[in-house]
Amino acid sequence: PLAAGAVLASVLLVPMLSPYVYTRQELGDRSPTEVEAFSSRPRDYLVAQQTNVAWGNLLGRGSHGPEDSFPGIVIVVLALVALWPPLSVPRIAYAAGLLLAFDMSLGSRGHVFPVLYREILPFRGLRAPGRMSMLVGLSLAVLGGYGVARVTARMRRQWLVYLFAAVVSVAVLVESRSSIALERVPPTHEVYHWFDGRPSKVLAELPATAEQEALYTYLSTVHWQRILNGYSGAAPLSYYEFKRSMATFPDGPSMQLLHGRAVDYVLVHEEFYGREAYRSVIEGINRRADLQERARAVTDGYEARIYELVR
């Protein structure tokens, strides 16, 4: 069965090899510093997120790692019941998987991941070992099932089995419940409607700041232009060059870069620049002959303009 699982996993991974090799050639390996920043610490498993309804106020104080690693208490108790001797081979296997996943989630702070990072090439592309905490939760869930089976095996009345299973299920659900406030998606700026029905070309949205890049990626589903800047966990060096250059837009070097990247449109946002900086950028654009205004609109008191690069 293990061999069959390994073959299946290999087949599923094959389609990922080509893009991985390409990305590694373009970006290189994840740096040890970056890996450490996304590695969990043992105490992260004892700290609940502030949004956790049951434990947030009691166990949610103090620093927390990059992932939500806290598994809850009920599932841990059930797993301990499952691991009480005598042990079956499957429970030993899941216990070993639990320990392995836990150590892997520690990343550069653990024992296993540094070896894998050093010896096995694909592991050098992983940024967030802390997400192995999901496999810690998986192992605990299976062991928790064994724990429930062990407890209910001693019950002679069937209704007690159902009652116990129901109580445990409710307890796990209560422990895992989070209170997360939904954020209202900002209204789409009216200026984007200019792209309606137009062919897809290359668009750069400015200012090119980290705070707005995820929003620009979302808004690309509104205008469907190909965007030069957006959000990703892996960015090429050319992206950082673009960000540095756009800090002085619309001077000569920044415009040279835009022309070199075959940009067709530039969209500038008053809301994200701030009114003074936006006016300064507009004044600079008005002095250039290679930027022609195509549209402008005001939404919620903030102007935005679309300019076409003239070649």
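Predicted model: local features only at pLDDT ≥ 70, side-chain atom pairs only at ≥ 80, totals over all residues.
**Strand β3**

I started with β3, residues 265–269, and checked burial. Buried here means under 20% relative accessible area. Five of the five residues pass, so I take β3 to be largely enclosed by the rest of the structure.

Next I looked at which way the side chains go. In a regular strand they alternate between the two faces of the sheet. I found Tyr265, Leu267 and His269 pointing one way from β3, with Val266 and Val268 pointing the other way. Both sets are buried.

Then I went through the strand pairing. β1, residues 202–206, runs parallel to β3, and four bridges join the two. Leu206 is the residue I found opposite Val268 of β3. With β5, residues 302–309, β3 runs antiparallel, and I noted five bridges there. Leu267 has Ile306 in β5 as its bridge partner.

**Helix α13**

Twelve residues at 1.5 Å a residue should span 16 Å, and the end C-alpha atoms are 16 Å apart, so the two agree.

Which residues of α13 are buried? I listed Tyr278, Val281, Ile282, Gly284 and Ile285. They cover an arc of only 160° around the axis, which means they sit on the same side of α13. An α-helix has 3.6 residues a turn, so residues three or four places apart point the same way. On the other side of α13 I found Glu276 and Asn286 exposed.

Last, I asked what the buried residues of α13 pack against. My list has β3, α12 (270–273), β4 (291–299) and β5.

Notes:
Residues numbered from 1 in each chain as written. Heavy atoms only, no water. Buried < 20%, exposed > 50% of the residue type's maximum accessible area, 1.4 Å probe, protein only. Pairing = 2+ DSSP bridges. Expected span 1.5 Å × (residues − 1). Arc of directions from axis to C-beta. Contact = heavy atoms within 4.5 Å.
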